[in-house]
Amino acid sequence: MGSTNEELMSRLVDSVKQISKFSNSKGFFGRIQGDLVRRITLLSPFFEELIDIGAELNEEQQLTGFEVMMIALDSSLQLFRSVNGGSKLLQIVHRGSVMQKFHDVTVEIEAALTQIPYDHFEVSEEVIEQVKLLHSQFKRATERQEDYDLQLSHDLAVAESVVDPDPETLKRLSQELQLSTIDELKKESHAIHEYFLSYEGDPDDCFQRMSSLLKKLVDCASTESSEPDASTGSKVISRHRSPVIPEYFRCPISLELMKDPVIVSTGQTYERSSIQKWLDAGHKTCPKSQETLLHSGLTPNYVLKSLIALWCESNGIELPQNQGSSYRTTRPGGGSSSSDCDRAFVLALLEKLANGSTEQQRAAAGELRLLAKRNADNRVCIAEAGAIPLLVELLSSPDPRTQEHSVTALLNLSINEGNKGAIVDAGAITDIVEVLKNGSMEARENAAATLFSLSVVDENKVAIGAAGAIQALISLLEEGTRRGKKDAATAIFNLCIYQGNKSRAIKGGIVDPLTRLLKDAGGGMVDEALAILAILSTNQEGKAAIAEADTIPVLVEIIRTGSPRNRENAAAILWYLCIGNMERLNVAREVGADVALKELTENGTDRAKRKAASLLEIIQQLEGVAISTVP
């Protein structure tokens, strides 16, 4: 078998192996997922025999069929990971679309099998018979749609519509969703929080539905935990003699257990008194993400507050009444930690990174990725153990998953300010940019996020721009998923704070894709496009490019109907475009800028009012001149 063919077969075998790990999944998608995983797993002997006999894929049709199968298995693996991670309540609220995805991957696999002439290969009759049987099973599966679980649908409808649902209904629902214990509920709360951190726009009805359901399930678990279970003699939530406070329950500012958690405009949660002190000191940014706060409003996080109260009750802890209380676990050298970082384990992973096989390197990089995501102490521990240079080296790995794990591990490590310098010193920037250009979509998106994280340090903005990142980020802005576009836009905005990168972005052709995003109100990227255009409009080349893209009518419409921040940015861009340019002023006047600006002077933000008033005055002077010159 040629090296390309053998590599393709090996990748198919590896994908099946990864998929087989999801065979024991439970929950409301457990049966449909289990059937699909079982069928896919039974394809492995066919691929393995093709490797053993050194089968040649000489015909284009044969090769195409296996390539289509590779794409189908990738889609399946992505679906299984999605279903077994993230928010369970989000999945059940959107269960129709999730079930459709199961059907879609089934159709993809059946289409691939149709294109593979398995009768033409000299493999054992048993294997051929098995593939034929599987093909017919996949074909039958494509001809039917899975029915909803009627009991689950009924329980969900009751839980959502009734203020105080029957405990038995909630108990059935919590068991079906696997949201019965404090750990499961804590993870679900965190998953909902993570989802809406990455959600474009304001929280909608879906968020309210999920929060309400989670609150009812928490109350149900609280009731269950206070009553002995007659059948098992245990409680839903076990008590611990020396509990370690979950990191998610700690305020990121004070590191204390939160008693009154509130959410700021970026979606991060803090103890009310701690974030209020931060705001009272004049800060306009989110302490954790460093994003600019859209407003200073604080929204109570009732779901998290319920979870904390339940956790305290189950562990015999009185909820703190002041910030002087502390339940931190202490380390031998002083300080505090909720870390699960085992240095010996980390060192063992680094040994695999340095000297292991491709499969061992991939697995070790994946473990480090997860550890680095988990908490701050892990990030310090992993970096101190010497992981960063090894991860940087693996950015050049020919194995896509190893590359993805490595760049994402570096992203998670870069959250620690001290690690940013170590990553740059290890020569990572050039390699991260290379991943951004040529990696898989997941790797490219995480590379963009890593560059944004590193660019928080001003001197890194210069190095990242010089390494060719801007053009690659513009490509991702056009080609990426919604999350990828957002990561690219955030990185571009941060890099363009440095004047030299503005010219690179403009010469790289960024204005056209930004204009398309600006005009696509349903695409969810208007905020980001406006923010970048606002920073580019302070550059002479940028002004010319933005004006040539026919953006003035769109800017006026946003000033008329957009959100407060978008109206402010649109007014600032229009101001930079029109000051000193009579032609652009006339265009703005012709599309009704005067009316929109007048309204903005009355209801906009302070900055928007200033820009609007200044521009409105110039337009009115222009109109006066026009009237005075009429014969």
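How many aromatic pairs does the structure hold? I looked this up and got six. I took a pair to be rings of Phe, Tyr or Trp (its six-membered ring) with centres within 6.5 Å, stacked if the planes are under 30 degrees apart, edge-to-face if over 60 and tilted for the rest.

**Basis.** I am working on a predicted model, in which local features need pLDDT of at least 70 and side-chain atom pairs count only at pLDDT 80 or more, while totals for chains, interfaces and linings use all residues. I number residues from 1 along each chain as its sequence is written, and side-chain values use heavy atoms, with hydrogens and water left out.

**Aromatic pairs.** I started with F47 and F66. Their ring centres are 6.4 Å apart and the planes are at 70°, so I noted the pair as edge-to-face. F47 belongs to helix α3 (residues 44-53) and F66 to helix α4 (residues 60-83), so the pair links distant parts of the chain, 19 residues apart. I use helix for a DSSP run of H or I with at least four residues and strand for a run of E with at least two, numbered from the N terminus.

I then checked burial, where buried means under 20% relative accessible area, exposed over 50% and partly exposed in between (1.4 Å probe, protein chains only). F47 counts as buried because its relative accessibility is 1%. F66 has a relative accessible area of 0%, so F66 is buried as well.

Next I looked at F80 and F102. Their centres lie 6.3 Å apart with the planes at 40°, so this pair is tilted. The pair again links distant parts of the chain, with F80 in helix α4 and F102 in helix α6 (residues 95-115), 22 residues apart. Both residues are buried. I also recorded that F22, F80 and F102 form one aromatic cluster.

**K611.** Which rings does K611 lie over? I count a charge as over a ring if NZ of Lys or CZ of Arg is within 6 Å of the ring centre and within 35 degrees of the ring normal. K611 lies over the face of W575, 3.8 Å from the ring centre. The charged end of K611 also sits over the ring of Y576, at 5.0 Å from its centre.

**α28 and α30.** Y576 came up again when I looked at how helix α30 meets helix α28. The axes of α28 (residues 540-548) and α30 (residues 564-578) come within 10 Å and cross at roughly 105°. I took axes as lines fitted to C-alpha atoms, for helices over the stretch in contact, with angles from 0 to 180 degrees between N-to-C directions. Angles under 35 degrees count as roughly parallel, over 145 as roughly antiparallel, 65 to 115 as roughly perpendicular and the rest as oblique, so α28 is roughly perpendicular to α30. K543, I546 and A547 of α28 make the contact with I573, Y576 and L577 of α30; contact means heavy atoms within 4.5 Å.

**E445.** Is E445 buried or exposed? At 3% relative accessibility, E445 counts as buried. E445 lies in helix α21 (residues 441-454). I found a polar contact of 2.5 Å between the side chains of E445 and T481. Such a contact is a pair of N or O atoms within 3.5 Å; within protein, one must be able to donate a hydrogen and the other to accept it, and residues adjacent in sequence count only if both atoms are side-chain atoms. With neighbours within four places in sequence left aside, E445 is in contact with L476, G480, T481, R483, G484 and D487.

**α16.** In helix α16 (residues 376-384) I listed the buried residues as D377, N378, R379, C381, I382 and A383. G386 follows α16 and has a positive phi, near 100°.

**Loops.** Q290 is partly exposed, at a relative accessible area of 48%.

G85 sits in the loop between α4 and α5 (88-93) and is partly exposed, at 25%.

**Whole chain.** The protein has 33 helices and five strands. Of its 631 residues, 48% count as buried. Among contacts with a separation of 6 or more, 71% come from residues 24 or more positions apart.
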